[in-house]
Amino acid sequence: MISGVEDGQTMRVQLGSSEVFVTFRVKTSEKFRRDKEDIHSEVNLSFVQAVLGGAIKVPGIHDDHVLQIPPGTQSHQRFRLIGKGIKRLHSPGTGDHYVHVKIKIPS
């Protein structure tokens, strides 16, 4: 598995005296949406969590992260986890993980 490849990307691989072209098909995720090296996910907060704030666990692509939610967080607010995205293929570093907040209002 090669980190950072995109769906439909073709790479040339040298095999002895021959070369082979490999086209990658990347399965879409149910948890994450990809935008180049950045990933996006949604997290549901209760009304109380949004008002009071606190720490929540957010699933990442390699491991879970703790995200500090500030008091007064609004629905559709976005938080950035720097360097927690996908490894860049042709340059150093990694993308970011953006967490989009959805507040669940009790019915």
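1. In the hairpin of S3 and S4, with two residues between the strands, Lys36 takes a positive phi near 60 degrees; strands here are DSSP runs of E with at least two residues, numbered from the N terminus. The model is predicted, so that local features need pLDDT of at least 70 and side-chain atom pairs count only at pLDDT 80 or more, while totals for chains, interfaces and linings use all residues. Residues are numbered from 1 along each chain as its sequence is written, and side-chain values use heavy atoms, with hydrogens and water left out.

2. Strand S3 (residues 33–35) and strand S4 (residues 38–46) are joined in the antiparallel sense over three bridges, where pairing requires that DSSP finds at least two bridges between two strands. Asp35 has Asp38 of S4 as its bridge partner.

3. S4 also pairs with strand S8 (residues 97–104), in the parallel sense and over eight bridges, and within this pairing Ser41 has Val99 of S8 as its bridge partner.

4. Most residues other than glycine have a negative phi. Lys36, which is not a glycine, has a positive phi of about 60 degrees, and His76, in the loop between strand S6 (64–69) and strand S7 (78–81), likewise has a positive phi, near 70 degrees.

5. Lys36 counts as exposed at 55% relative accessibility, and His76 counts as exposed at 56%; the cut-offs are under 20% relative accessible area for buried, over 50% for exposed and partly exposed in between, with a 1.4 Å probe and protein chains only.

6. Glu30, in the loop between strand S2 (18–23) and S3, is exposed with a relative accessible area of 85%. Glu30 and Ser41 lie 11 residues apart in sequence and 9.5 Å apart in space, C-alpha to C-alpha.

Terms used. Helices (H or I, at least four residues) and strands (E, at least two) are DSSP runs, numbered from the N terminus.
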